[in-house]
Amino acid sequence: SANATDPDGEVVRVDYYADTNWLASSGTAPFKASWPHVPVGEHSLFAVASDNAGATTISDLIHITVVPTNDDFVARTRITGTTNAVRASNTLASAEPGEPAHAGFPAAHSLWWTYTTPVHGAVMLDASASSFHASLAVYTGSVLNALTEVASTSGTAESAVRFPAAAGQAYQIALDSPDGETGDIELDSRFTPAPANDNFAHRQLLNGNQIRLHADNRGATREAGEPEHSDTPGIASLWWSWTAPAAGEFTLTLTSAAGANLLLGVYTGNVLTNLMPVPTQFQYPASFVVTAEKGVSYQIAVDSPVDPLQPGPFELDLNFTPEPRNDHFVNRTPVHGAWITLTNPIALATVEPNTPVHNGGWLPTLWWSWTAPASGYVIIECPSGQFIDVFTGSTLTNLAPVASGPSVSFQSTAGTTYAIAA
């Protein structure tokens with residue numbers, strides 16, 4: 001407002017300016033005007049009064065300094081919702097008596113916010129796009145000199161921090177600079193609720209031999225006593241459980257469209273703090289092969305390394321290949337007829353002890369059983385070059401050799417059962 005009078009006329013309008021920029025005008029005494037959303041900084045204000053004769057008078061300058069509204073802890077700004085983009089400046093911010101050192105550096109030009117999480121999950125704060133290296137510190141507590149730190153970063157590598165958040169907990173957020181720098185702030189916040197399979201006790205049950213999962217661990221946390229997956233500290237694990245329907249092997253493949261690093265752990269056991277790691281064989285670029293035993297439940301964890309920007313969407317593929325049913329002599333597959341073509345993958349065949357085959361007994365072997373419908377001449381060939389052995393007999397350790405080689409032929413006797421190994 002302005003106290004404007006004219007001894008020989010009438011004041012009809014007052015115009016207000018800030019730093020030479022027109023703000024507002026008023027044509028009615030006491031000539032009030034408002035200036036909403038005053039920017040932080042130092043400003044020079046003045047007014048220009050005009051009378052009914054067109055004469056004008058300029059007032060003296062008034063200098064004001066506008067500090068950030070959330071400069072003090074008690075005036076911290078409330079953040080609401082799940083995603084926010086805060087734009088601010090700490091140019092005129094200051095430190096308070098009793099204020100803690102943020103990320104290990106004395107407070108200098110700090111600003112404060114508060115955020116209360118609606119449910120259990122994780123919060124990500126990223127100020128990397130600010131015009132200076134920002135330090136972030138997150139606390140619990142409501143008294144400035146008695147805060148408890150939850151997470152912090154000094155901003156030397158990236159000005160981002162991620163922390164697990166409890167439902168209904170108020171978190172106090174401070175942004176400063178380890179070097180006392182000031183400038184424009186870009187603080188992005190995101191809250192993600194915890195997925196249903198965040199905890200080991202709530203691991204998701206998987207069924208089937210070929211499974212593709214779309215998952216996102218941005219809201220995931222870790223539990224006390226949880227092992228380090230891939231022998232690497234992590235921050236956001238998810239859990240699944242799968243039971244092998246038969247002996248064989250399963251392959252787990254991790255894919256992140258964003259190129260994020262992912263950690264994998266495979267275990268047996270039903271208690272988080274007493275899990276037994278299962279050996280995995282890495283296959284480039286992101287697959288792990290695990291030997292499976294029939295009926296065994298495998299606990300599968302996927303985590304992210306300690307980097308607040310790593311958690312995110314990913315795919316997990318599980319592909320199970322059972323052992324061939326005719327891997328052992330006692331489980332040899334009966335075949336019938338006079339003209340037979342067989343296709344049988346040997347990839348997961350094993351070496352059975354005391355196998356009397358001519359490949360030396362150290363190569364994987366599959367078994368069939370064939371009874372000659374009549375006496376005649378028999379030819380057995382394997383296009384892949386697999387070595388073939390033919391026997392008579394019903395006990396692995398007491399077989400009588402009939403023929404052996406990459407391609408075999410022999411004279412069969414009607415009604416005789418032959419054991420064929422390849």
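Start by colouring the aromatic residues: the structure holds 17 aromatic pairs. Here a pair means rings of Phe, Tyr or Trp (its six-membered ring) with centres within 6.5 Å; planes under 30 degrees apart are called stacked, over 60 edge-to-face, and the rest tilted. Before you click further, note that this is a predicted model, where local features need pLDDT of at least 70, side-chain atom pairs count only at pLDDT 80 or more, and totals for chains, interfaces and linings use all residues. Residues are numbered from 1 along each chain as its sequence is written, and side-chain values use heavy atoms, with hydrogens and water left out.

**Two ring pairs**

Select Phe 73 and Trp 112. Their ring centres are 4.9 Å apart and the planes sit at 85°, so this pair is edge-to-face. It links distant parts of the chain, 39 residues apart: Phe 73 is in the loop between β5 (62–66) and β6 (77–79), while Trp 112 is in strand β8 (residues 111–116). Strands here are DSSP runs (E, at least two residues), numbered from the N terminus. Both Phe 73 and Trp 112 are buried, meaning under 20% relative accessible area with a 1.4 Å probe, protein chains only (exposed is over 50%, partly exposed in between).

Now hop to Trp 239 and Tyr 267. With centres 6.1 Å apart and planes at 45°, this pair counts as tilted. Trp 239 belongs to strand β17 and Tyr 267 to strand β19 (residues 263–268), 28 residues apart. Both Trp 239 and Tyr 267 are buried.

**Along β17**

Stay here and select all of β17 (residues 238–243): five of its six residues are buried. Which strands does it pair with? Strand β15 (residues 204–206) pairs with β17 in the parallel sense over three bridges, and six bridges join β17 to strand β23 (residues 297–303), running antiparallel. Strands pair if DSSP finds at least two bridges between them.

Next, show the open sheet β7-β14-β9-β12, paired antiparallel. Its edge strands are β7 (83–89) and β12 (160–165), each pairing on one side only. Neighbouring strands are turned by 15° against each other on average, direction ignored; the axes are lines fitted to C-alpha atoms, and angles run from 0 to 180 degrees between N-to-C directions. Six bridges hold the antiparallel pairing of β9 and β12, and Gly 121 has Ala 165 in β12 as its bridge partner.

Where is the largest cavity? Select Ile 79, Tyr 115, Leu 125, Arg 190 and Phe 191, which are among its lining residues. Its volume is about 50 Å³, and β14 gives the most to the lining, with three residues. On a 1 Å grid over the protein atoms alone, a cavity is where a 1.4 Å probe fits but cannot get out, and a pocket is an open set with protein on both sides within 12 Å along at least five of seven lines; lining residues have an atom within 4 Å of a point.

**Last stop: the largest pocket**

Finally, zoom to Ile 340, Thr 341, Leu 342, Ile 380 and Glu 381, which lie nearest the centre of the largest pocket among its 31 lining residues. The volume of this pocket is about 1000 Å³. β27 gives the most to its lining, with six residues.

Notes:
Helices (H or I, at least four residues) and strands (E, at least two) are DSSP runs, numbered from the N terminus. Grid points are joined across faces, edges and corners, and a volume is the space filled by probe spheres set on the points.
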